[in-house]
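Let us walk through this structure step by step. Keep the sequence beside the 3D view as you read.

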Amino acid sequence: MYVILAGGGKVGTNVTRSLLESGHEVTLIEQRRDRFERLEAEFGHVAMLGDATEISVLERAGIGRPPDLLLAVTGDDEDNLVISQIAREGYGVAKVIARVNDPRNQAHFDLLGITLTVCATSGILGLVEHEVPEHGLVRLLELRREGLEVVEVQIAAGDPSAGKPVAALQLPEGSRLISVMRAGKAEIAVGATILEPGDQVLAILEPGKEDELRHALIRA
Amino acid sequence: MIGCGRVGSAVAIQLAAEGWDVTAVDEEEGALARLGSGWKGGFVVGHGMDVEILGRAGIDKADAVVVATSGDNTNIVVGQVAQKRYGVGCVVVRLLDPRRAEFYARLGLRTICPTQTAISFLTEAVRACDAPPLEPARAS
């Protein structure tokens, strides 16, 4: 397939190398001359000097073909957003993946319809939360397009849900328990499932309902 | 007013003089000086991409948002956020690059491109020169 990459930093360089090794056709756009020269030394004509937010630069890179995939992985979120929008809305590129540098900008990407995003900071923070849960509720998966998320909750002795069947819990609207993991075995949660201390419960919910769900299941 | 440089500050002052309640946002604290010592409007230090800053500037109550920072891409994103997230009816965005200005105008953003204006005026000025050929002044 044909791939255009915008941004020749560490991410762009490593992804380019891997894509070339798998036999794909790649153009890598980098605007800083010093970086470009290093990229050109390694990748030859694959590297291209220019500002990928300029439409003429994208056109020279073959945005009009259009590419099967465009990756906007510069260090600037506003640039990644604009590159993604031009590719999608202007040239009908079917698959656009954008890098989010500052997780606070994630909402802007969602707002402007750039749904495939990767944010290293959020990923690392997610892992930190998983390894060192602070609020008893770990976010495992965000289903951005569906507007839902999957979280994990650990039930402890004395929690309001311990010893109760799922049907008796005051779960917030827009949330549902999926499964209960006990002694290494998972079971689908049904109304009659009784929660016990030590259980790891998976729940699916609408974002924003985390606090209500937490109050229903564990001590705040 | 997002971006309080030469253009942003002058527009802010002009609109305030016409009775608008104006708040300017700029990353640089020093930009406040461009609004003059008698500035009665608001001023918030921060980046326009930051929704907390936009909230502090009162974007949810704004009738109009003008975006004129030095970065075209910042202006594009902030303008769309004002339009789509906060539902501001009148959003005007200054873009220096004519191609991006044209592209985003097609996507429904009200873009103003001073570069395109300069191109048109300069071209027009040269055409005007061409009309009556100027006779070089001769010494008699």
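Begin at A:P66, which sits in the loop between α3 (55-60) and β4 (69-72) of chain A. The model is a predicted one. In it, the peptide bond from A:R65 to A:P66 is cis, with omega near -15°. Most peptide bonds are trans.

Most residues other than glycine have a negative phi. Is A:A183 buried or exposed? A:A183 is exposed, because 7 other C-beta atoms lie within 10 Å and the cut-off for exposed is 12 or fewer.

Now step back to the whole chain. Chain A is divided into domain 1 (2-119) and domain 2 (133-217). The C-alpha centres of these two domains of chain A lie 39 Å apart.

Next, follow the start of the chain. Strand β1 (residues 2-6) of chain A pairs with β2(A) in the parallel sense, over five bridges. Within that pairing, A:V3 stands opposite A:V26 of β2(A). Together with helix α1 (residues 10-21) of chain A, β1(A) and β2(A) make a right-handed β-α-β unit. From β2(A) the chain crosses through helix α2 (residues 33-43) of chain A to β3(A), and this β-α-β crossover is also right-handed. β2(A) and strand β3 (residues 47-49) of chain A pair in the parallel sense too, over three bridges. There, A:I29 has A:M48 in β3(A) as its bridge partner.

How many of the six residues of strand β2 (residues 25-30) of chain A are buried? Five are, so β2(A) is largely enclosed by the rest of the structure.

Turn to α1(A). Its twelve residues should span 16 Å at 1.5 Å a residue, and its end C-alpha atoms are 17 Å apart, which agrees. The buried residues of α1(A) are A:G12, A:T13 and A:T16. They cover an arc of only 100° around the axis, so they fall on the same side of α1(A). An α-helix has 3.6 residues a turn, so residues three or four places apart point the same way. The cover over the buried residues of α1(A) includes β1, β2 and α2 of chain A. On the other side of α1(A), the residues A:K10, A:N14, A:S18 and A:E21 are exposed. After α1(A) comes A:G23, with a positive phi near 85°.

Notes
Residues numbered from 1 in each chain as written. Chains lettered and ligands numbered in written order. Predicted model: local features only at pLDDT ≥ 70, side-chain atom pairs only at ≥ 80, totals over all residues. Buried ≥ 20, exposed ≤ 12 C-beta atoms within 10 Å, placed from the backbone. Helix = DSSP H or I, 4+ residues; strand = E, 2+ residues; numbered from the N terminus. Pairing = 2+ DSSP bridges. Right-handed = clockwise from strand over helix to strand, strands pointing away. Domains from an automatic or database assignment. Expected span 1.5 Å × (residues − 1). Arc of directions from axis to C-beta. Contact = placed C-beta atoms within 7 Å.
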